Amino acid sequence: MNDVDCLVLGLGAMGSATLYHLARMGQSVVGIEQYEIGHGLGSSHGHSRAFRVFYHDPLYTELAEAALPLWQELQAASGDPLVHLCGFLAYGGVDNPWIERNLAAIRRSTAEFELLTQEQVAVRFPALRIPESGVACLTPRAGFLDASRCVMAHLSQARRLGAAVHQQVCVESIEFGPGGSTVRTTAGEFRAARLVIATGSWTGDVMQRLCLPLTVTRQQKFYFRPASPELLRPAVLPVYADYDTHFYGFPMHGPGIKVADDSPGERTHPDRINRTIEHARGESLRNWLTGLMPENSFHFLEASTCMYTQTPDQDFLLGPHPNHPNVFVGAGFSGHGFKFSTLVGLILAQLAIDGSTPYPITRFQLDRFS
Ligand SMILES: Cc1cc2nc3c(=O)[nH]c(=O)nc-3n(C[C@H](O)[C@H](O)[C@H](O)COP(=O)(O)OP(=O)(O)OC[C@H]3O[C@@H](n4cnc5c(N)ncnc54)[C@H](O)[C@@H]3O)c2cc1C
């Protein structure tokens, strides 16, 4: 039996960030991950995740703005390029309800934004030809994060500060008790005074008794190599999101241009997910990209599969376990959690150490669906 003060289960975006913030607060902390660190079987791998402040609710804008300095601090500590503030351009038809809602929300927030016409977009970002009639909103203090590098930076900084990491160790069962939790794993038992559960798409299984209303969906992202990459670098191209089709894409980063469909894919289970690439989906994304950047052409490079873990209202599950005050959960990030992950880690660490956080998380209570 290993006795530990703080134990973090799952070392994807949320668990790695929690491990880092706990170690930074001087806690003795251990993290457990079922696969190899940096694996590609969860939701946090790859070269990019959009960092946007353009949201339907100022709460999320506020949280994203609070996360940005934490990312910048991590970037400075690690020396790795993690944050790319190339801007985020959202566009859609004039009557698109999502654009309307997000514009109403951003007007109520403190975030900087600019409304642009099609011509202004083309002048600012020469590669882009958005549809003539419509609305475009540019948020300049946004862009993307290098996802895998962020996870690795949190983990390497956590280790440097004394955190222990056990990889390829699977949690088999958890027994919650008033004095702490007993976690049975493939490498023996751990007894933890405070437990953080950040097991992503597996959280429904790990916390079966709570019957959390989580749905896992299969998502795919595609990379294309452009014939002319010059106008597609982050200095001259923002992250672009079409709110009519729900397709979005990134500037050149990693192997090429990444594009994906934000609509929820088919329901799945993380251990039984079909990872076969759907080339027809890739082809429709390529057609969309060619329509948006008609002076370029794009060749398929590679694709990969990932998972969204959705809650019924798309709001996160973040806070203490309803019945066990020394157990804290971060899950159900509904396809938009990465940008917040360093802040989520800080919040979970504050909850584990102080029992409270100054950040507004009441919306995310675990028992709100019961
Ligand atoms: C295609 C795609 C695009 C996305 N785009 C964006 C975006 O642009 N912007 C944005 O902000 N967000 C985006 N997201 C969402 C974001 O990536 C996720 O919300 C976030 O990565 C979830 O992190 P997590 O730590 O909760 O889950 P995970 O990354 O899945 O981590 C959970 C970890 O727990 C481990 N684990 C599970 N069960 C056990 C067990 N029994 N024992 C030990 N370990 C266990 C898993 O192996 C895994 O490593 C996207 C997601 C996908 C899939």
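Predicted model: local features only at pLDDT ≥ 70, side-chain atom pairs only at ≥ 80, totals over all residues.
The shell of residues around the ligand draws on two domains, taking at least three residues from domain 1 (2–45 + 148–213 + 313–369) and at least three from domain 2 (85–144 + 215–308). In total, 33 residues surround the ligand, and the closest of them are E33, H39, S44, A50 and C306.

From the ligand we turn to the aromatic residues. A pair of aromatic rings is described by the distance of the centres and the angle of the planes. Counted in this structure with a cut-off of 6.5 Å between ring centres, the aromatic pairs number 17. In one of them, Y35 and W202, the ring centres are 6.1 Å apart and the planes stand at 65°, and because an angle over 60 degrees counts as edge-to-face, the pair is placed in that class. This pair links distant parts of the chain, 167 residues apart, since Y35 sits in the loop between strand 2 (29–33) and strand 3, while W202 sits in the loop between strand 12 (188–197) and helix 6 (203–206). The two partners fall into separate classes of accessibility: Y35, with a relative accessible area of 25%, is partly exposed, whereas W202, at 11%, counts as buried.

A second pair is formed by F144 and F250, whose ring centres are 6.0 Å apart and whose planes stand at 90°, so that this pair is also edge-to-face. Here too the pair links distant parts of the chain, with F144 in strand 8 (residues 143–145) and F250 in the loop between strand 15 (247–249) and strand 16 (257–261), 106 residues apart. F144 is buried, with a relative accessible area of 1%, and F250 is likewise buried, with a relative accessible area of 1%. Elsewhere, one aromatic cluster is made up of Y55, Y60, F316, F333, F340 and F364.

Two further residues complete the tour. S341 belongs to helix 8 (residues 341–354), and at 1% relative accessibility this serine counts as buried. Although S341 and S16 are 325 residues apart along the chain, their C-alpha atoms are separated by 8.8 Å. D57, for its part, is found in the loop between strand 3 and helix 2 (58–78). At 18% relative accessibility D57 counts as buried, because the class takes in residues under 20%. The side chain of D57 reaches the backbone nitrogen of L59 at a distance of 2.8 Å.

Note on methods
Residues numbered from 1 in each chain as written. Heavy atoms only, no water. Near = heavy atom within 4 Å. Domains from an automatic or database assignment. Phe/Tyr/Trp six-rings, centres within 6.5 Å; stacked < 30°, edge-to-face > 60°. Helix = DSSP H or I, 4+ residues; strand = E, 2+ residues; numbered from the N terminus. Buried < 20%, exposed > 50% of the residue type's maximum accessible area, 1.4 Å probe, protein only. Polar contact = N/O pair within 3.5 Å; in protein donor to acceptor, adjacent residues only side chain to side chain.
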